[in-house]
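I set out to record how the secondary-structure elements pack and how the chains are related. The entries follow the order in which I looked things up.

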Protein chains: 2
Amino acid sequence: MLKRLTTKEYIDGILAANRMILSRAITLIESNLPADKILAREVLNAVLPKTGNSIRIGITGVPGVGKSTFIEAFGQFLTKQGKKVAVLAIDPSSQISKGSILGDKTRMEKLVNEPLAYIRPSPTSGGLGGVANKTRETMLLCEAAGFEVIIVETVGVGQSETLVHGMVDFFLLLMLAGAGDELQGIKKGIMEMADLIAITKTDSGNELQADLAKVAYQNALHLFPPNQTGWYPEVLTCSAITEKGIREIWQSIEKHSLLFTENGFFQQKRSEQNLAWMDDFIKQSLEEKFYQHPSVSHHLKNIQQEVSEGKKLPINAAIEMLNLFYQS
Amino acid sequence: MLKRLTTKEYIDGILAANRMILSRAITLIESNLPADKILAREVLNAVLPKTGNSIRIGITGVPGVGKSTFIEAFGQFLTKQGKKVAVLAIDPSSQISKGSILGDKTRMEKLVNEPLAYIRPSPTSGGLGGVANKTRETMLLCEAAGFEVIIVETVGVGQSETLVHGMVDFFLLLMLAGAGDELQGIKKGIMEMADLIAITKTDSGNELQADLAKVAYQNALHLFPPNQTGWYPEVLTCSAITEKGIREIWQSIEKHSLLFTENGFFQQKRSEQNLAWMDDFIKQSLEEKFYQHPSVSHHLKNIQQEVSEGKKLPINAAIEMLNLFYQS
C-alpha cells in the first residue's frame, strides 16, 4: 500500500486531472479503514463544487451481449470527439469471487490506452449497498477531475441495475438479437428502466435478425405506459465492429439530456437521487449497526430457524432481537 | 370503542370461528395503542399453531378492471363449493384519504352476505410497511378462524403489489382487453410477478378483443425467462357476469398449489416470506425510531434542502444525522 498523500495533495491532484492521484483517491474511497474514510470525506467535500457536470450513463446487459466491446467502441467514439470518458463498474458478484468484471486487464484494450479515457474496476468489498455508495463517490471524483461522460457498467443480475439506475441520468440496455429472447434473462423491471435499448452485434449477416428483434422490443415497450417526462425509450441497432449505430446512440443520449435539462427533470432526478442516497446511507448504517451487534448476531441463526419453520411469529422474533439491541 | 375482551375470550372466539370476535381481534391488530399491541401479540401467539393452512391469493389490477365484481364472482364460486373465503385489502392510498377501498359497504354486496365469506377493509394507519404487517397478522387470524382461501386485494400502484406478492402463495393479475394496453398503467415488474393473468369482462361482444389481448399477453410473458419453480404463468379470459373462466382460474390456482407443494417451493416460499417479514419489521422499527427522534426530525428538513440542492454531500448529511441520533 502506498503512503497516504495529504488532503491538499489529493484535492489539487484531482482538480488538475492527475490520474495517478485520482486513482489513489478512489482507493481511499474504497477503503474500509476509518482514517481513510475521514480523509476521503474531506477530499469529497473540497471537490464537491466541481462535481455534477457530466452525463452519467448506466449500461447493462447479460453476459455475452458484448458490453465491453460496446463500451470500447462507444468510449472511443466519444474520445475521438475530444470528450473525457470514465468507465466505472458495479459488480455484486465480485463480492463473492473477489474478482472484478473490469479487473481483467485485457478487457477494453484500446480504450484503456486512450489518453482521454479512464477505466476503473468495481470495488470488491462493502456489500451491494456499500459498492453502490462507493461508486457514487467515485463518480463525483471523476467529475471533479473533468470527466464529461461517466459510464457505469453493471452485470445483468437484477439488483445492481436498480442501484445503477438510481445514480445515472440515462440508462442504456444492451440486448442480443436472435439469441432466443427468453434466454436473455432480462427482467421486465429492467426493460422498464431503460431510456434506450440497443441491439448489439448487428453485423456479419445478423442484420435481419436485429431488425426483427428491434420490432419485437418496440412492441414490448409499447405495451407499457409512457412516463411523465415526455421521453419515449427508443430501440436502436448497433455494431461495435462496424461502428454502425454508435453515433445514433450518442445522439439519443444527447437528445434525452437536452429534453431533461429543458423540462427540469434532469435537476429533479439528481435531487431525488441525492436524497435517496442520503436515506440509503442512513438505513444501511442503522441495519449494519443492528446486525453487527454482538447479542444480535449471537442469537440470529437460532431465531431465524424458528421463524423459518413457523414456530415463532416473525414479529415476535423481531421484537426479541430489537430488545436485545436496545438493552445493551 | 368496545370494551376489550380477555385474551382467552379472543383466542377461544377466533378458534370457534366467531366472526364478531375475529373482527374485534383484527381491530386490536390495527390499533396503535401499546396495550392493544401487547394483547394482539398474545392472541397471535396462542393461535399460531392453527395458522398457515389456507391458500393465500393476491389479486391486483388497475381501477376499472373490475376487481370487486371479479372477487365477488370468484368468492361466490368458492363458497358454493363450501369453502370459507376471507377477503382482505391493502390500500396505501387510504393512508392519505383515510378512506378505504373496501370501506364502501355497497361493494361486494352478494359476497358480504355469504355465510362462508368474510370481508375486511384495509387498515388505514401505520404507513405502507405498517399496513402490510397488519395484513399479514390479519391473515393469520383468519386462518386460525378456519378460512381456507385468503384473498388479498390491492390497487394498482406499484409498491403495494410488491408487498402483497411477498405475503401470498399465488399472485393473480387482472387485465382489461382493448382498453389500450398502454393505458392500463401496469408496470412490467408487476406482470413479472403474476402467476396468472386473467382478462376480465370477456362478455357482451368483448370476446374477440379478449382473445387478441390473451395472445398479446402470452407473447409478452414469453419474452421473459421462465422461473425455476417449473410454473409457467397462464393467461385466461373470464367474465364475472357469465362466470365464464372462473372455474378455470381456480383450477389453475389448485394446479399451482399442488405443484408447489410437491416440489417444495410452497414451504420454501413461506419460510422466505416469514424471514423477510421479520427483517422488514426490524428495519421498519429501526428507521421509525431514527426518523422520529426529536433531534433528527428537528434538523431533517434543512439538511434535505441542502442535499437536494447539491450543497451538501448526501453521505455527510447522513453521518451528521446519525451522529445526532446516536449522541442522544
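**Conventions.** I worked on a predicted model, in which local features need pLDDT of at least 70 and side-chain atom pairs count only at pLDDT 80 or more, while totals for chains, interfaces and linings use all residues. Residues are numbered from 1 along each chain as its sequence is written, chains are lettered from A and ligands numbered from 1 in the order in which they are written, and side-chain values use heavy atoms, with hydrogens and water left out.

**Sheet, chain A.** I traced an open sheet of seven strands in chain A, ordered S3-S2-S4-S1-S5-S6-S7 with parallel pairing. Here helices (H or I, at least four residues) and strands (E, at least two) are DSSP runs numbered from the N terminus, and two strands pair if DSSP finds at least two bridges between them. Strands S3 (117-119) and S7 (234-237) of chain A are the edges; each has a single partner strand, so one side of each lacks a neighbour in the sheet. On average, neighbouring strands of this sheet are turned by 20 degrees against each other, direction ignored. Axes are lines fitted to C-alpha atoms, for helices over the stretch in contact, and angles run from 0 to 180 degrees between N-to-C directions.

I then looked at S5 (residues 170-175) and S6 (residues 196-199) of chain A, which run parallel and are joined by four bridges. A:Leu174 has A:Ala198 in S6(A) as its bridge partner. Helix H10 (residues 207-222) of chain A lies across S5, S6 and S7 of that chain, at about 170 degrees to S7(A).

**H13 and H14, chain B.** How far apart are the axes of H13(B) and H14(B)? I found them 10 Å apart, with helix H13 (residues 294-308) and helix H14 (residues 314-327) of chain B packing at an angle of about 170 degrees. H13(B) and H14(B) are therefore roughly antiparallel (angles under 35 degrees count as roughly parallel, over 145 as roughly antiparallel, 65 to 115 as roughly perpendicular and the rest as oblique).

**H1 and H3, chain A.** The axes of H1 (residues 7-15) and H3 (residues 34-47) of chain A come within 9 Å and cross at roughly 45 degrees. This makes H1(A) oblique to H3(A).

**Chains A and B.** I noted that a rotation of 180 degrees with 0.1 Å of shift along its axis superposes chain B on chain A, RMSD 0.1 Å (least squares on the C-alpha atoms of residues with pLDDT of at least 70 in both copies). That is the relation of a two-fold axis. The same surface serves both copies, as 100% of the contact residues of chain B recur in chain A.

Definitions and conventions:
Contact = heavy atoms within 4.5 Å.
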